Amino acid sequence: MESRLKLIPPKITPPLEDNYRPAVLANRAYHKEVEESRAGLPLVLGLARTDGSFSRFKTQVFPEEHPNAEANFFYVERILKFLLWQRGGWKIYVGGAHSIGAYIARLYSPEGARAFDHKFMGEDVYGEKFSVISCTPDEVPAENEGSKALGRNLNGYRIGFDLGASDRKVSAVVDGKPIFSEEIIWEPCIQTDPTYHYNEVMAALKTAASKMPRVDAIGGSSAGVYVNNRVRVASLFRGIPKERFGEINNMFIRIREELGVPLEIINDGDVTALAGAMSLEDNGVLGIAMGSSEATGYVNLDGNVTGWLNELAFAPVDYSPDAPVDEWSGDRGVGALYFSQQCVFRLAPKVNIPLPEGVTDAAKLKAVQKELEAGHKGAEKIWQSMGVYLGYALAHYTEFYDLKHVLILGRCTSGRGGQLILDGAKEVLRAEFPELAAQINIQLPDEKSRRVGQSIAAASLPKLATEA
């Protein structure tokens, strides 16, 4: 897909990526050109989800007869791609020029360049046939954004759990204070029997329950997409055959019914953001965990989680035609390649740091981090580059989120790396986006954030049955 947008070089260039072209700069330049043309026409994107919620995004584009109209296609497609992975949707409305709607329909079809997104958002996440409807702006349905006041419920005897790719954690929490925690190594991704997952989760819950006189509520977090406590897509369960995935889909509903207490499970990124909001005692928090991928979560200005996907690992942040390609989705310039160990691995060869062979990805990351801690200048450039990426990405994210705080964490932020990322992001905001530098507080978890941890935040998700 060729870009006809003007791709703007950043004021601050990542030390290891001269061709980096931030999405936010291209979009802002496009907006300015449309405005200066005095010919801009409204375009509204709508995204429908199966719970009845509906997102709208308004913008302006060039008329079809305008000399710059070719730029519309790339601009609108990249915005839609971001919205799909931020908010989710299986039925897409393109309210504007018919040529744009037809272009999006071709691209997001089983034969188009976005066939991955077509299948993932339709069949995998929402269990519907993905569709694109071309219409006028006025024909796009009204916005219906739902949000839930999940979390911050600290009363009673609660269990909080977190399911990761290499370990599962569980805590017994009494009136907001953890009295017991356990971390067990497991291998969920290679398991082909749903019973394994059910037994492991139940074992964790029963262990925590044994430390308290009763259990009033259970809250959990896990990587993946969860809709109304049902597993839609999650890497933890990728070994499960398709014909048995229904057992996984309903697993947490089954556990809730068997234990007879309120249970909520949501994406681990949202729980991270909730933990940050609880520790900061404020809202408008975006949590970004930089680990094996980019895991993100959001607590809105009302203190609620939105029900959006917030899977920004697959949302585009770099519009360069030379941007790296994500091996799973086949798309270029998406977040996972800039804010995770995947970024470290692709940049390490540029500074002549060899990655050890025959070891886990976690061990590879530690090997590069060891070079960083030893003062390797090339390793420093890797994390400095990640800081530059983050600064421009945060400016881009503000087009889609109302932000007051950004909390960055995860394995890539350990040691010196976290501060290098933080410093780089702040430098970009000061240089290119001073209004945002004054508005957004970016930080690593402080001591208080660590005390109000993931397990407490997860345990606080459900209201007690007597309060529901």
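**A helix pair**

Select α2 and α3, whose crossing is right-handed, meaning that the near helix is turned clockwise from the far one by less than a right angle. This is a predicted model, in which local features need pLDDT of at least 70 and side-chain atom pairs count only at pLDDT 80 or more, while totals for chains, interfaces and linings use all residues. Residues are numbered from 1 along each chain as its sequence is written, and side-chain values use heavy atoms, with hydrogens and water left out.

Helix α2 (residues 70-87) and helix α3 (residues 98-107) pack at an angle of about 55°, with their axes 10 Å apart. Helices here are DSSP runs (H or I, at least four residues) and strands likewise (E, at least two), numbered from the N terminus.

**The largest core**

Next, select Ile382, Trp383 and Tyr397, which have the most contacts inside the largest nonpolar core, a set of 101 residues. Such a core joins buried Ala, Val, Leu, Ile, Met, Phe, Trp, Tyr and Cys residues through side-chain atoms within 4.5 Å, where buried means under 20% relative accessible area with a 1.4 Å probe, protein chains only. Helix α11 (residues 377-397) gives the largest share of this core, 12 residues.

**Helix α7**

Finally, select helix α7 (residues 251-259), where Met251, Phe252, Ile253 and Ile255 are buried. The buried residues of α7 pack against several elements, including β5 (157-163) and α5 (194-209).

Key: Axes are lines fitted to C-alpha atoms, for helices over the stretch in contact, and angles run from 0 to 180 degrees between N-to-C directions. Buried means under 20% relative accessible area, exposed over 50%, partly exposed in between (1.4 Å probe, protein chains only). Contact means heavy atoms within 4.5 Å.
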